[in-house]
Amino acid sequence: QEIIEESRKKIYTNNILEISENNYKRFKEDESADFSRYCSRQANGFAFAEDLYQNVQYEVFKGGDHKSIKGINAIICRNVFIYYTAQHQEKLLEDFTGKLSFNGFLAIGNKENITFCKDFKKYTLINESEKIYRKNVNE
């Protein structure tokens, strides 16, 4: 909850700026891509452009939480699966699959593995090194 509240402020520390810019450049073919068009310096850090947030909704999701959340376009769940047993990983992926929209994205930790889960067949690998998947089954 604390992390969600910090994120809602939309102000990030300067040390995050360098990480964000490096991540941006990592996925751009043009190394000279101008990251600064997406953010601005603030007195206490930096802020991303407001229009980047227009479709962002912050939620605290606990595995097994069966709220009626559906139609999510992206779930970023880095380094969470590794803390669960295979049985709980199976259930977590099932929950995510039910909440993701058709063609929605799931990003897990790059050292994590969900290939053994029965719902894995509902995904297409988009980026192997970053473990980003797209849901390819409409439920």
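**Overall architecture and local features of the chain**

The secondary structure of the chain comprises 3 helices and 6 strands, which follow one another along the sequence in the pattern α-α-β-β-β-α-β-β-β. The model is a predicted one, and the values reported here were computed from its atoms. Along its principal axes, the C-alpha trace spans about 45 × 35 × 30 Å, and 31% of the 139 residues of the chain count as buried.

Helix α3 was examined in detail. This helix runs through residues 86-99, and its 14 residues should span 20 Å at 1.5 Å a residue, a value with which the distance of 20 Å between its end C-alpha atoms agrees. The buried residues of α3 are Q89, L92, L93, D95, F96, T97 and K99. In an α-helix there are 3.6 residues a turn, so residues three or four places apart point the same way. The cover over the buried residues of α3 includes the strands β3 (72-77), β4 (100-108), β5 (123-127) and β6 (132-135).

In the loop between β3 and α3 lies Y84, a residue that is partly exposed, with a relative accessible area of 37%. When its neighbours within four places in sequence are left aside, Y84 is in contact with Q89 and L92, both of which belong to the buried residues of α3. Relative to Q1, Y84 is 83 residues away in sequence, and the two are 20 Å apart in space, C-alpha to C-alpha.

The space left between the atoms was considered next. The largest pocket holds about 2200 Å³ of space. Its lining is made up of 45 residues, of which V56, A74, I75, I76 and C77 are the closest to the centre of the pocket. Elements that each supply at least two residues of this lining are α1 (2-9), α2 (14-27), β3, α3 and β4. Sorted by class, the lining of the largest pocket consists of 29 nonpolar, 9 polar and 7 charged residues.

With regard to the cysteines, the structure holds 0 disulfides. C77, which is among the residues closest to the centre of the largest pocket, takes part in no disulfide, and the nearest cysteine sulfur, that of C117, is 12 Å away; a pair of sulfur atoms would have to lie within 2.5 Å to be counted as a disulfide. C77 is buried, with a relative accessible area of 7%, and C39 is likewise classed as buried, its relative accessible area being 17%.

Backbone geometry was inspected for positive phi values. Most residues other than glycine have a negative phi, and most peptide bonds are trans. Against this background, K10 has a positive phi of about 65° although it is not a glycine, and K131, also a residue other than glycine, has a positive phi near 55°. K10 is found in the loop between α1 and α2, whereas K131 is placed in the loop between β5 and β6. As to accessibility, K10 is partly exposed, with a relative accessible area of 21%, while K131, at 16%, is buried; the two lysines fall into these classes because the limit for a buried residue is set at under 20%.

Note on methods: Residues are numbered from 1 along each chain as its sequence is written. This is a predicted model: local features need pLDDT of at least 70, side-chain atom pairs count only at pLDDT 80 or more; totals for chains, interfaces and linings use all residues. Side-chain values use heavy atoms; hydrogens and water are left out. Helices (H or I, at least four residues) and strands (E, at least two) are DSSP runs, numbered from the N terminus. The expected span of a helix is 1.5 Å times one less than its number of residues. Buried means under 20% relative accessible area, exposed over 50%, partly exposed in between (1.4 Å probe, protein chains only). Contact means heavy atoms within 4.5 Å. On a 1 Å grid over the protein atoms alone, a cavity is a set of points where a 1.4 Å probe fits but cannot get out, and a pocket is an open set with protein on both sides within 12 Å along at least five of seven lines; lining residues have an atom within 4 Å of a point. Grid points are joined across faces, edges and corners, and a volume is the space filled by probe spheres set on the points. Ala, Val, Leu, Ile, Met, Phe, Trp, Tyr, Cys and Pro count as nonpolar, Asp, Glu, Lys and Arg as charged, and the others, Gly among them, as polar.
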